[in-house]
Amino acid sequence: MDLAATAEMDELRAEMRAWLEANLPWEYGVGLPPRFDDLADEVTFGRRWQGQLAEAGWVGVTWPKAYGGRGLGPTANFVVQEELARARAPELVGRIGVNLAGPTLLAHGTEDQKQRWLPAILAADELWCQLFSEPEAGSDLASVRTTARRKDGGGGEEGGWVLQGTKVWTSYAQFADWGVCLARSDPQAGRHRGLSFFVVDMHAPGVEVRPLVQITGEAEFNEVHLDDVDVPDDQLVGVPGMGWTVAGSTLSHERGVNPRQLVIHLQHLDELMRTAATSGAFDDPRLRRRLAQAYVEVRLFQLHNWRSLSKLERGMEPGPEASVLKLYWSEMSKRLHSLALDVLGPAAPLWRGAAHNPGDGSWQRAWLYYQASSIFAGTNEIQRNVIGERVLGLPREEAVGGN
Ligand SMILES: Cc1cc2nc3c(=O)[nH]c(=O)nc-3n(C[C@H](O)[C@H](O)[C@H](O)COP(=O)(O)OP(=O)(O)OC[C@H]3O[C@@H](n4cnc5c(N)ncnc54)[C@H](O)[C@@H]3O)c2cc1C
């Protein structure tokens with residue numbers, strides 16, 4: 001692989017950096033984004049910021065031009081994400097729409113559905129959430145129990161579907177306008193064949209969202225109760241019974257390259273090394289060895305990313321190796337954050353929740369936050385199963401519950 005950037009990518013990077021220098025709401029290279037005690041204020045700020053980015057064409061750069069994108073390739077997207085992270089820009093508030101729902105609609109939606117939903121995703125005019133996990137269906141997603149009942153019982157009743165069930169861990173559901181939802185439309189069919197994929201209007205009667213508080217003290221995710229929620233036919237994506245295939249397309253976008261986390265961890269490493277230099281941690285041989293290890297691991301993460309990116313750029317899917325990157329990243333991240341607390345030593349008091357002073361407790365909050373990295377987008381045990389079975393060719397695990 002040729003690791004040198006092309007002139008075209010250098011140009012794109014320079015263009016993006018110049019735009020950021022002129023438009024960032026904080027001083028480029030020096031300042032940090034504002035911090036909010038209230039998640040709703042953070043979302044309001046995030047919507048404005050994403051709107052500004054979208055207007056300048058910096059959101060969804062790989063999307064076709066017809067739907068507001070730039071029609072560029074994966075390396076261009078990598079460059080844009082790197083530059084955003086370098087400028088310390090927060091993650092896109094509409095990331096579930098941009099990274100998951102949008103690409104799924106691009107792959108499986110009708111032309112009407114694309115025209116209707118895609119433009120508002122880029123500008124964060126409408127926010128999306130992912131209604132997949134349930135209390136009894138997480139790793140084993142094909143066990144979803146939410147039902148989708150056909151409404152056309154004849155007698156002049158309109159067509160459409162009625163959804164009933166409970167979803168959980170739904171990030172940003174309390175702010176979402178739409179949710180992509182996996183539901184069981186045919187209880188008689190096999191586990192995977194009886195599922196359909198819907199777009200649910202989060203403001204429809206019967207949708208109830210209850211926030212759940214995380215160990216950081218914030219409440220990003222929620223329980224969502226769907227109680228006889230009407231979903232019109234034109235909000236079915238794909239055909240009835242094809243939900244598992246459509247959902248697979250959503251999930252494939254959760255893994256793969258991770259330029260944002262790459263830059264964040266390079267920045268964390270940098271800060272950690274500076275803290276260690278002043279705290280005397282380098283004089284402790286055990287800490288010194290772990291600091292060297294952290295340096296090597298972040299560099300390896302960079303190389304893993306570049307390898308996957310090179311595959312994507314050649315039109316190949318990252319495939320099950322994406323699980324290697326996800327597994328490696330989450331374990332590296334947890335080790336790095338534990339090391340940071342050991343380097344801080346007695347100066348590492350516990351994070352006390354959302355009320356904070358800038359500069360205080362950021363390592364502690366990050367330690368708590370990254371505990372989730374080995375759970376979301378597929379737990380580490382599941383990634384290990386994928387690597388064992390599909391990369392190493394080990395015997396397959398016996399299916400739980402058949403089918
Ligand atoms: C921060 C965060 C945000 C999230 N956001 C969303 C969201 O927006 N929308 C959404 O739908 N979901 C979301 N999730 C849910 C996430 O996808 C699930 O938590 C995840 O898939 C695991 O499912 P579970 O929690 O039900 O755990 P379970 O599947 O019940 O697993 C429990 C434990 O058993 C292990 N285990 C399960 N099966 C196996 C097996 N076959 N072999 C070995 N070990 C196994 C798991 O690794 C885990 O340790 C989010 C989760 C987090 C942490």
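**Strands, ligand and core**

Modeller: Start with strand E4 (residues 178-184), where 7 of its 7 residues are buried. Buried takes 20 or more other C-beta atoms within 10 Å of a residue's own, with C-beta atoms placed from the backbone; 12 or fewer is exposed, and in between is partly exposed. Strands (E, at least two residues) and helices (H or I, at least four) are DSSP runs, numbered from the N terminus. This is a predicted model: local features need pLDDT of at least 70, side-chain atom pairs count only at pLDDT 80 or more, and totals for chains, interfaces and linings use all residues. Residues are numbered from 1 along each chain as its sequence is written.

Colleague: Which residue of E5 is the bridge partner of Ala183?

Modeller: Strands pair if DSSP finds at least two bridges between them. E4 and E5 (residues 195-201) are antiparallel, over 7 bridges. E1 (residues 128-131) and E4 run parallel, joined by 4 bridges. In E5, the partner of Ala183 is Ser196.

Colleague: How many residues surround the ligand?

Modeller: A residue is near a molecule if its C-beta atom, placed from the backbone, lies within 6 Å of it. Phe132, Gly138, Ser139, Thr379 and Glu381 are the closest. The count around the ligand is 18 residues.

Colleague: Which residues have the most contacts inside the largest nonpolar core?

Modeller: A nonpolar core is a set of buried Ala, Val, Leu, Ile, Met, Phe, Trp, Tyr and Cys residues joined through C-beta atoms within 7 Å. The largest has 62 residues. The ones with the most contacts inside it are Trp128, Leu163, Ala176, Phe198 and Val200.

Colleague: Which domains each give at least three residues to this core?

Modeller: The chain is divided into domain 1, domain 2 and domain 3. The centres of domain 1 and domain 2 are 31 Å apart, taken over C-alpha atoms. This core draws at least three residues from each of domain 1 (7-93) and domain 2 (128-242).

Definitions and conventions: Domain bounds come from an automatic or database domain assignment.
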